[in-house]
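Q: I'm new to this one, could you walk me through it?
A: Gladly, here it is.

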Amino acid sequence: MTAPPTAGRASRSDTGGTSATGSEPRRARRADLAGPALVLPFALLFVLFLLWPLAAGLWTSFTDRSLVGTAPSFVGLDNWAEMAADPMVWRSLWTTLLFTLLTTPPLVAVALLMAVLTQRAVRVGWFLRFSFFSPFLLPVAVVSLIWVWIYQPGFGMLNGALTGLGLPEVNWLGDEGTVLLSIAITTVWWTVGFNYLLYLAALQGIPSQVYEAASLDGAGAWQRFRRITLPLLNRTTAIVVLLQMVASLKLFDQAYLMTNGSGGPDYAARPIIGYIFDSGFTNLRIGYSSAISYLFFAVIIAVSALQFWLFTRKENTA
Amino acid sequence: MNVDPPHPPLPGIGRRALLAGGLGAAGLALAGCGGTTAAATGAPVPIRQWNLFTGGDGARMVEMHDRFADEHPEYDLRPTTYLWGNPYYTKFAMGAAGGRSFDIGTLHLSRVKGMGAGTLIDPVPRDVLAEFGITEETVRPALWEKATVDGELYAIPLDTHLVVTYYNREVCEQAGVLESDGTLVRTSGVEDLFDVLAAVKEVTGHFGIVMDTTGAWRQFWSLYRQLGGEMALEDELGLDDDKALQSLDFLRRVSEEGLAPKASDAPGTPARFQNGIAGLMLAGNWELPTMQDAGMDFGMRPFPGVFGDELGQGDSHVFVLPHRREPDEEAVRASVAYAAWMLKNSIIWAGGGHTPAYLPVAESEDYAALEPQAEYRAAADDVQLDPDAWFSGSAAALMSEANSVMAGVHNGSSTPEETLAAFKRAVQKLIDTPPPV
């Protein structure tokens, strides 16, 4: 990273001796300096706020650092060994992965469906755009509050509707079998608007002549959707899926708020970030929680890499 | 030995001199010694207070603070309120670790040891406290004792608060479970209580009683203590399995027999009571202002004597002095003066449902006249504090582990035996965890 500036300085002293050679190398030298100089502010911030904390966090995971500030001591791989043997780590990691599996497909499919619908319903387009996107504008605290009441057994809206239809009540947030699903439903309602927006923009980028030509050739609506819309949205789908998976893996706020920080019955809705929070802040063990966060970091990188590989492969073969 | 030597050897003068030097060089020498002369010139002494009261009790604290500010212009009180539970404790720990963020903070008595008495929390100078009229004789003995660690006083107890029974007077009257003076009948034993709950359920059409099933620890510990159960949390978990099972089985039965909801979370519980879905509620006395504001006709009694005396789980709000990087007697003195004033004026605080720890107020006629506090205040004498450990206490790990596994006995997803086994595993894991304090 420090190579370009040194090279620049070296070339200055070189040209200093041979200033009579003209303006040609001087201009090149200035260009040499401009690049690094433009990158420098970002590079500094990157080092200060990303690389340094990353390294510090990794180091912390090898210590018994406590939030209460007693001098930490080096404990080697103790935290990592404890983590490997801690069932709650694997359980909460599974909760996070399960949540990602539960939310990503509907968040992509529903967003696409809504975008196509908006594209076709020209006259009420503004209304659909507004109502599909507006939940995304709500803060997480408001969303959680709304849905905690909707899910209430006995007097909540959802259970009211179920009993009205003659169906039995579901103990949405109070049952370990449904609590994560409930949070997933809330999340879909809340964040689908963002993916919808991306799809809507991409749909508007597909030229209408393509559709016209296809209809002249006798392609039906379904065929046009399958053979034109979907393939031309491929790149958008790749980015939507990637962003969505990373967002879902980072589950914490709504799970924490909707279970009052308890993680739900028998921790059925405590994601790994919840466990990192509990270890670091409730139990004050920053060292141990750093180790877990590094495990999780590795998982996110692995998932993103796998996904990236899958999509680039698809594009190359297509 | 208790006092952690301040790590960076930077004495106050050095830092000030450095500051003054820097400012002087910049041509602003007049600002250099502002801090040190404040008291001499009669400027108010700042008291930076941190607290965790956001509910009905928070409003009362603000009322008290306004009065304190009126009466004591020599102090400049600067209170800051953070969200109850982890959000507060995190800031407390980090602020105290820094050693200069605040002068006095509120805490739960059960967390004093866990939050680092001696490292993060400095002892209260008893002589200064006595100067302002607070001595061992004027505070509830059980609280004073718990606030004392290794012979040093680490906390100034403000109140006691505990889980109690709320009852909807209108519903209970129709159910015929009121005494002639309009108070709820006293029950003893499981069957006696269940008869009352069944009668109340007849009237409400839904449930007899409601309790926070996602916060079952408070109920569990009350019941377990009624049975005389003890919990030892050192090296090996010491727990009386039979008594724990009996307590858990009560929670299972009350939900399974339809007398209480199988699931009711923290916001849903008071809502069910307020809307008449349940005629009784087990909840902390701090819900009192909420019910009063709702204009309900209700009364309060101690936690029912299911297995013996009417004991209820509870805790105490205390004032503590965070560890200071640089000693500042003036600030400590001002903070102690403030805490003493709060104790002496805790009749306002008592309006929010908490029972004053300061005996002259707790035994005063003004307090005796408060309703419905009068109905349950006797229970505060024998409040059941959480067991001792760094991971125990309000919003700490023991409570959240218990809450998480015990929700299952209410909703029927696990038996009391399975729940107890899971709870014991979780607690043993906490015991085996290297303590961070």
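**Getting to know the two chains**

A: To begin with chain A, 33% of its 318 residues count as buried, and please keep in mind throughout that this is a predicted model.

Q: How many helices and strands are there in chain A?
A: Chain A has 14 helices and 0 strands, so its elements, read from the N terminus on, are given as α-α-α-α-α-α-α-α-α-α-α-α-α-α.

Q: OK, and what about contacts in chain A between residues at least 6 apart in sequence?
A: Among those contacts, 68% join residues that are at least 24 apart in sequence.

Q: Now the largest nonpolar core: which residues touch the most other members?
A: Among the 124 residues of that core, Val112(B) and Ile209(B) touch the most other members, while helix 12 of chain B, residues 329-344, gives the most to the core, with 9 residues.

Q: What is Ile209(B) in contact with, leaving aside neighbours within four places in sequence?
A: Its contacts include Leu197(B), Val254(B), Leu259(B) and Met281(B).

Q: Which residues are in the second core?
A: That separate core has 32 residues, including Phe99(A), Val143(A), Trp172(A) and Leu251(A).

Conventions
Residues are numbered from 1 along each chain as its sequence is written. Chains are lettered from A and ligands numbered from 1 in the order in which they are written. This is a predicted model: local features need pLDDT of at least 70, side-chain atom pairs count only at pLDDT 80 or more; totals for chains, interfaces and linings use all residues. A nonpolar core is a set of buried Ala, Val, Leu, Ile, Met, Phe, Trp, Tyr and Cys residues joined through C-beta atoms within 7 Å. A residue is buried if 20 or more other C-beta atoms lie within 10 Å of its own, exposed if 12 or fewer, and partly exposed in between; C-beta atoms are placed from the backbone. Helices (H or I, at least four residues) and strands (E, at least two) are DSSP runs, numbered from the N terminus. Two residues are in contact if their C-beta atoms, placed from the backbone, lie within 7 Å.
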